[in-house]
Amino acid sequence: MNGLQAYQRVNTQTSITDADPHKLIQLLYNGAIERINMAKARMQAKDIEAKGRLITKAIEIIGGLRSFLDFEKGGDLALRLESLYDYMERTLFEANRHNDLKKLDEVANLLRSIKDGWDGIREEAVSQQQAV
């Protein structure tokens, strides 16, 4: 591992350790989007092995996002997000199987939309956590 990779790993671990629950979910969204973008580059370079690993990692991250859903507090929104995450996972699987850049773009755009909404409630979420 070169010095830059070591620095990035420590920096990522520190970010995760210091993250509040809202920030942790932001990091997961960022990680999934980043893996999809990297998979697109690997797909275009015809690096099938790396593409597959990156898409698998994105699917795992979306599974992690799904595990944060609170169906008691989230109600209908949590159910809709669960369905959307399921759709994203299946779409990524198909993108991997068929080398479909459009499907990767579709999932990345969905994740960005959800992340934008999540980012928009940052102050409210943090103030609620501090009140508890």
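Which residues touch the most other members of the largest nonpolar core? They are I36, Y85, L92, L104 and L111, in a core of 24 residues. The model is predicted: local features need pLDDT of at least 70, side-chain atom pairs count only at pLDDT 80 or more, and totals for chains, interfaces and linings use all residues. Residues are numbered from 1 along each chain as its sequence is written, and side-chain values use heavy atoms, with hydrogens and water left out.

**Overall fold**

- The chain has six helices and zero strands, where helices (H or I, at least four residues) and strands (E, at least two) are DSSP runs numbered from the N terminus.
- In sequence order the pattern is α-α-α-α-α-α.
- Of the 132 residues in the chain, 28% are buried; buried means under 20% relative accessible area, exposed over 50%, and partly exposed in between, with a 1.4 Å probe and protein chains only.
- Contacts (heavy atoms within 4.5 Å) between residues at least 6 apart in sequence join residues at least 24 apart in 63% of cases.

**Nonpolar core**

- A nonpolar core is a set of buried Ala, Val, Leu, Ile, Met, Phe, Trp, Tyr and Cys residues joined through side-chain atoms within 4.5 Å.
- In soluble globular proteins, nonpolar side chains tend to be buried together.
- For the 24-residue core, the elements giving two or more residues are α2, α3 (48–67), α4 (71–98) and α5.
- The most residues come from α2, which gives seven.
- L92 touches I36, I55, A58, I59, I62, L104 and V107, when residues up to four places away in sequence are not counted.

**A32 in helix α2**

- A32 is in helix α2 and is buried, with a relative accessible area of 0%.
- Apart from neighbours within four places in sequence, A32 is in contact with A58, I61 and L111.
- A32 and A58 are 26 residues apart along the chain, and their C-alpha atoms are separated by 4.7 Å.

- Two packed helices are described by the angle between their axes and the distance between the axes.
- Axes are lines fitted to C-alpha atoms, for helices over the stretch in contact, and angles run from 0 to 180 degrees between N-to-C directions.
- The axes of α2 (residues 21–44) and α5 (residues 101–120) come within 10 Å and cross at roughly 160°.
- This makes α2 roughly antiparallel to α5; angles under 35 degrees count as roughly parallel, over 145 as roughly antiparallel, 65 to 115 as roughly perpendicular and the rest as oblique.
- The contact of α2 with α5 has 14 nonpolar, five polar and five charged residues; Ala, Val, Leu, Ile, Met, Phe, Trp, Tyr, Cys and Pro count as nonpolar, Asp, Glu, Lys and Arg as charged, and the others, Gly among them, as polar.

- K23 is in helix α2 and is partly exposed, with a relative accessible area of 34%.
- D116 lies in helix α5 and is exposed, with a relative accessible area of 54%.
- From C-alpha to C-alpha, D116 and Q26 are 9.4 Å apart, at a sequence separation of 90 residues.

**Packing of α3 with α4**

- The axes of α3 and α4 are 10 Å apart, and the helices pack at an angle of about 175°.
- That angle makes α3 roughly antiparallel to α4.
- On the α3 side, the residues are K51, G52, I55, A58, I59, I62, G63, L65 and R66, and they meet E82, Y85, D86, M88, E89, L92, F93 and N96 in α4.
- By class, this contact has nine nonpolar, three polar and five charged residues.

**Positive phi in loops**

- Most residues other than glycine have a negative phi.
- K46, which is not a glycine, has a positive phi of about 60°.
- K46 is in the loop between α2 and α3 and counts as exposed, at 67% relative accessibility.
- N99, also a residue other than glycine, has a positive phi near 50°.
- N99 is found in the loop between α4 and α5 and counts as partly exposed, at 39% relative accessibility.
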